[in-house]
Amino acid sequence: MMHRADSLAEGFAALRALKPGPARLYLAGCSGEPVGLYNTLSAEAELARDLTFVGVPVPGLNHLDWTHLHATARAEMPFMYGAMRDGFAAGKILLRPMHYTESYREMQAGPIDLAVIMVSPPEADGTVSLGLSADFSGAILARPDIPVMAVVNPCMPAPRDTLRVPLSRFDVVARDKTPLVELTESALPPVFAGIGEWIADLVGGEAACLQFGIGNVQQAVLKALADAGGPANLTIHSGLVTDPVLGLIDAGRVVDAPGAILTGVAMGTEALYERVARDKRFRFRGVDVTHGIEVLAKIPRFTAINSVLEVDLFGQANAEFMKGQQVSGIGGLANFLRGAAASEGGMPIVALPSTAAKGQVSRIVARLGPEAVSVPRSDIGWVVTEQGAVNLRGASLDARAEMLISIADPAHREVLADTWAEVRAGL
């Protein structure tokens, strides 16, 4: 029988009563993160006793460490970000390096005792939607063995085409008006304009289906494609969309048809949330669809555009470590690169500025550290910096080193060439 609670504290206490003692609790990340519940538990710390928080909060998008709520609270996550650093150092956060599709399978069949999922207000037919955050929660709701608390939030939009479930599916229902987590874009550093232009040239004027990651590369590419103009022949199939996608739509580049923008999560400002709620082009699906390689491989000219931190002269990429410290995770990067490689006419692209530290450090390096290989050389296709774009697919060992040196900053090319000669002699 459903428990309708008058407050988040009452609702969460009722949920916990369904599994007394230690429990593994699923929480959504990105724009579905229940910040109101975090605030409630901050004042009702005993409700967090002996909980292990399970989910996929994302660096740059989420900023809470739920293990701060109680001395006995723990978490298991596939990403690392700044707010989690203390908990990780204290042994309260277990980092589990996994692809997004592996994380999804964990939600489908892994050990989870309880769940909290934010939803939009009920429709006339008694259903609620996952709104802007359909990535993992659908897998939880498909499991009758997991008691779930619905946080009904009027701030959560209900797009036309997103995952919906009967409100009766939930064991506990509580209401909350805490605003959704938002993401604002920062000013674009000039170096990224060149990267965006190179990638826009690769996409060209032909029809294509785009995927893009988080941050400056995404913003630069979408701006360059919008500025270049052209026909409305682009679709989007991506794990996440943010505000820059609005510029591409407003420039008339996105196909005007239902489902032309398929994603798992929308996260940005109120402008994006308002558009998503009324634009027929937005379709929300789970990770099994957004990241499934068998799905991606069937999309003609699927173009995956993602950023990394370093690429070495073997063609290996680091997307997780800075100065030996883990700052992110593997996420969906390899899923998208492999899907694009299998797509007819597809392009797997990784992009990065050629330098860091005001030009003093090259991001094209001779060899990655052993802990830093996020993407093996066999999965790398196009590599783009502001200096140019090269395609490593099928290239020999020496050819790929030569090509990568050509898109390094000119000030670092000679040292890279000399170092490669030494490395190559020892192979």
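## A serine side chain and its surroundings

In this predicted model, a polar atom of the Ser31 side chain lies 2.9 Å from the backbone oxygen of Ala266. Ser31 is placed in the loop between strand 2 (23-27) and helix 2 (35-43), and because its relative accessibility is 0%, Ser31 counts as buried.

Leaving aside residues up to four places away in sequence, Ser31 touches Met118, Leu132, Ser133, Met156, Leu180, Val181, Val265, Ala266, Met267 and Tyr273.

The model contains an open sheet of 8 strands, which pair in parallel and follow the order 1-10-8-6-2-3-4-5. Its edges are formed by strand 1 (3-4) and strand 5 (93-95), each of which pairs on one side only. Strand 5 is joined to strand 4 (residues 74-77) by parallel pairing over 3 bridges, and the bridge partner of Met77 in strand 5 is Leu95.

Helix 1 (residues 8-17) packs on the sheet, where the strands it touches include strand 1, strand 6 (114-119) and strand 8 (148-152), and the direction of helix 1 makes about 165 degrees with that of strand 8.

## Aromatic pairs

Of aromatic pairs, the structure holds 7. In one of them, the ring centres of Tyr104 and Phe136 are 6.3 Å apart and the ring planes stand at 40 degrees, so the pair is tilted. This pair links distant parts of the chain, since Tyr104 belongs to helix 4 (residues 100-109) whereas Phe136, 32 residues apart from it, sits in the loop between strand 7 (127-129) and helix 5 (137-141).

Key
Residues are numbered from 1 along each chain as its sequence is written. This is a predicted model: local features need pLDDT of at least 70, side-chain atom pairs count only at pLDDT 80 or more; totals for chains, interfaces and linings use all residues. Side-chain values use heavy atoms; hydrogens and water are left out. Helices (H or I, at least four residues) and strands (E, at least two) are DSSP runs, numbered from the N terminus. Buried means under 20% relative accessible area, exposed over 50%, partly exposed in between (1.4 Å probe, protein chains only). A polar contact is a pair of N or O atoms within 3.5 Å; within protein, one must be able to donate a hydrogen and the other to accept it, and residues adjacent in sequence count only if both atoms are side-chain atoms. Contact means heavy atoms within 4.5 Å. Two strands pair if DSSP finds at least two bridges between them. Axes are lines fitted to C-alpha atoms, for helices over the stretch in contact, and angles run from 0 to 180 degrees between N-to-C directions. Rings of Phe, Tyr and Trp (its six-membered ring) pair if their centres lie within 6.5 Å; planes under 30 degrees apart count as stacked, over 60 as edge-to-face and the rest as tilted.
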